[in-house]
Each structure stands twice: as C-alpha cells, then as structure tokens.
Amino acid sequence: MGLSERFWEQKTLQEMDQQEWEALCDGCGLCCLTKLQDEDTDEIVYTRVVCPYSDPKTAACTDYANRSVNVPTCVQLTLPRVAEFDWLPDSCAYRMIYRGQKLPDWHPLVSGNRESVGRAGIGLTAIPVVVDNGKLDYEDYLIEKP
C-alpha cells in the first residue's frame, strides 16, 4: 500500500500507520548524536559523537532494524516519546507535527528528494561528527543543540 498524498497534513501522529510514521522521518540523524544528561539538573547536552552504526556521509543507520540490540542506549521514537523527548531537535518532523507546525520545504516529503535535507545544511552531514570508538571523552565533543 502506498502513502497517501500529503498524509502528514491530513492525519495526526496517532492516526498514522507504521509506513507513514517511518516516512515522516527526514533522515537527518540528529537523534543519533550522543547526548549527556547532568545528574544534578537533568539538563541534556549534545555531543558530535555518533555510534559506529551511524554513517556520517548519509546520516543513516547502517543496521536500522537492529539498532536497539546493537546499541542498547538507542531508543525507539514512539508516539508517547515524541512529547517526552524534548531533546529532539526543533527541526524533527515528529516534534513539528506534534506541535501543529508545517514541515519545512527541505523535508523530503515536501521536496520529493531525500538529498534536500543535506542541501539545507540540516542533520549529521552538516556536523563534523566523530564515530565512537569506545575510548572518547564525550565532554571533549560538546556542541549546541542542533
């Protein structure tokens, strides 16, 4: 079954089927950046570190189906978590639809082109990411929230 034209403007996140939910992701990869949480304040800060399964050239996960098995700290984005995960970037399509905003022109569903994300300077391909080798001090790679 194919996707309905501009389904994201006609449905809420709750009404989307799995195919629509997955299509809503723009593939930016920003959710894959390693984040640190302050134990005292709960503040979340971003690093430019990605796991070994993240492809810095495409921002895609190289083993998406097994991401939570390969990296136990990789959390699946679900409907309840869209509201909970305020660390998601403001450009995240799930957060935008949740807040009642329109998708930007660079989003692949709007542009019709997956490369429009990178051309807009959005996502992992716009950040000099470092692939985690298990020996990094994450605090050496802190960045502002993308």
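Glu9 counts as partly exposed, because its relative accessibility is 45% and the partly exposed class lies between buried (under 20% relative accessible area) and exposed (over 50%), worked out with a 1.4 Å probe on protein chains only. Glu9 is found in helix α1; helices here are DSSP runs of H or I with at least four residues, strands are runs of E with at least two, and both are numbered from the N terminus. The C-alpha atoms of Glu9 and Glu144 are 135 residues apart along the chain and separated by 31 Å. All of this comes from a predicted model, in which local features need pLDDT of at least 70 and side-chain atom pairs count only at pLDDT 80 or more, while totals for chains, interfaces and linings use all residues. Residues are numbered from 1 along each chain as its sequence is written, and side-chain values use heavy atoms, with hydrogens and water left out.

Arg6 is not a glycine, yet it has a positive phi of about 50 degrees. Ala59 also isn't a glycine and has a positive phi, in this case of about 70 degrees. To put that in context, most residues other than glycine have a negative phi. Ala59 is found in the loop between β3 (49–50) and α3, and it counts as buried because its relative accessibility is 8%.

Next comes the inside of the model. The largest nonpolar core has 29 residues, and those with the most contacts inside it are Leu13, Leu24, Leu33 and Tyr94. At least two core residues come from each of α1 (7–10), α2 (18–24) and α5 (93–98). A nonpolar core, by the way, is a set of buried Ala, Val, Leu, Ile, Met, Phe, Trp, Tyr and Cys residues joined through side-chain atoms within 4.5 Å. In soluble globular proteins, nonpolar side chains tend to be buried together.

What does Tyr94 touch, not counting residues up to four places away in sequence? The list is Leu13, Trp21, Glu22, Leu24, Cys25, Leu77 and Val82, where contact means heavy atoms within 4.5 Å. Ile97 is found in helix α5 and counts as buried because its relative accessibility is 13%. With neighbours within four places in sequence set aside, Ile97 is in contact with Trp8, Leu13, Met16, Leu24 and Leu103. Ile97 and Thr12 are 85 residues apart in sequence, but 7.5 Å apart in space from C-alpha to C-alpha. Ser91 has its place in the loop between α4 (79–84) and α5, and it is buried, with a relative accessible area of 18%. Leaving out neighbours within four places in sequence, the contacts of Ser91 are Asp26, Leu30, Met96, Trp106 and Ile122.

Now for the strands. An open sheet is formed by 3 strands in the order β1-β2-β5, with antiparallel pairing; two strands pair if DSSP finds at least two bridges between them. The edge strands, each pairing on one side only, are β1 and β5 (142–143). β1 and β2 pair over 3 bridges, and Leu36 has Val45 in β2 as its bridge partner. Between β2 (residues 44–47) and β5 there are 2 bridges, with Ile143 in β5 as the bridge partner of Tyr46. β1 and β2 also form a hairpin with 6 residues between them, and Asp42 in the turn has a positive phi of about 65 degrees.

That leaves the pockets. A pocket is an open set of points on a 1 Å grid over the protein atoms alone, where a 1.4 Å probe fits and protein lies on both sides within 12 Å along at least five of seven lines; lining residues have an atom within 4 Å of a point. Grid points are joined across faces, edges and corners, and a volume is the space filled by probe spheres set on the points. The largest pocket has a volume of about 1200 Å³. It is lined by 43 residues, and Cys31, Cys32, Lys35, Cys74 and Val75 are the closest to its centre. The largest share of this lining, 4 residues, comes from α2. The second largest pocket has a volume of about 210 Å³. Its lining has 14 residues, with Gly27, Thr58, Ala59, Arg114 and Val117 the closest to its centre.
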